[in-house]
Amino acid sequence: MDDLKNSSRIAVSGMNAQARRLRVISENMANADSLPQTPGAEPYRRKVITFKNELDKATDAQLVKVARVTEDRSQLQRKYSPGHPGADSEGYVLMPNVNPLIELMDMREAQRSYDANVNVVTTSKAMLARTLEMLR
């Protein structure tokens, strides 16, 4: 029964990690058009999330944890918009490095991973219930 409980704990840790990933992706999507309001200022930078395995010493299970959330340091695009308040002396505004298509693909992947972990929890609970039923 401990193995079934551990599989649920592992899956729940995966669900928590993917939920955090979805929040980061949502923040990226919400700021895809956030431009700087002063010349020389940087726009919103895409955030990326990385995961790590962490040993739960109480259960001896490898859980998924968020290692860190960092800014994507890829190059920012410039758009010619001389009337914008954030335009530099040449009339260019720096654009966020958020690609909505990539964010949508990441969101879909995170959702599928989340759903797979939900299925593991559901199956583990059903197996645990069936085992307890057999022991009665």
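1. Helices here are DSSP runs of H or I with at least four residues, and they are numbered from the N terminus. On that basis Leu101 belongs to helix α2, which covers residues 100-135. Please keep in mind throughout that this is a predicted model.

2. Leu101 is exposed, because its relative accessible area is 55% and the cut-off for exposed is over 50%. Together with Ile102 and Met105, Leu101 forms a nonpolar patch on the surface, and the accessible area of these three residues together is about 290 Å².

3. The packing of the helices deserves a point of its own. Two packed helices are described by the angle between their axes and the distance between the axes. For helix α1 (residues 2-30) and α2, the axes come within 8 Å and cross at roughly 160°. Angles over 145 degrees count as roughly antiparallel, and α1 is therefore roughly antiparallel to α2. The crossing in which α1 passes α2 is left-handed.

4. Further along α2 is Val120, which is partly exposed, with a relative accessible area of 35%. Val120 and Tyr80 are 40 residues apart along the chain, and a distance of 50 Å separates their C-alpha atoms.

5. Asp60 sits in the loop that links β1 (47-56) and β2 (61-71), and with a relative accessible area of 63% Asp60 is exposed.

Definitions and conventions: Residues are numbered from 1 along each chain as its sequence is written. This is a predicted model: local features need pLDDT of at least 70, side-chain atom pairs count only at pLDDT 80 or more; totals for chains, interfaces and linings use all residues. Side-chain values use heavy atoms; hydrogens and water are left out. Patches are made of residues with over 30% relative accessible area and no salt bridge: like charges are joined within 9 Å, nonpolar side chains (Val, Leu, Ile, Met, Phe, Trp, Tyr) within 5 Å. Accessible areas come from the Shrake-Rupley method with a 1.4 Å probe; for residues, only the protein chains shown count as cover. A salt bridge is a side-chain nitrogen of Lys or Arg within 4 Å of a carboxyl oxygen of Asp or Glu. Helices (H or I, at least four residues) and strands (E, at least two) are DSSP runs, numbered from the N terminus. Buried means under 20% relative accessible area, exposed over 50%, partly exposed in between (1.4 Å probe, protein chains only). Axes are lines fitted to C-alpha atoms, for helices over the stretch in contact, and angles run from 0 to 180 degrees between N-to-C directions. Angles under 35 degrees count as roughly parallel, over 145 as roughly antiparallel, 65 to 115 as roughly perpendicular and the rest as oblique. A crossing is left-handed if the near helix is turned anticlockwise from the far one by less than a right angle, and right-handed if clockwise.
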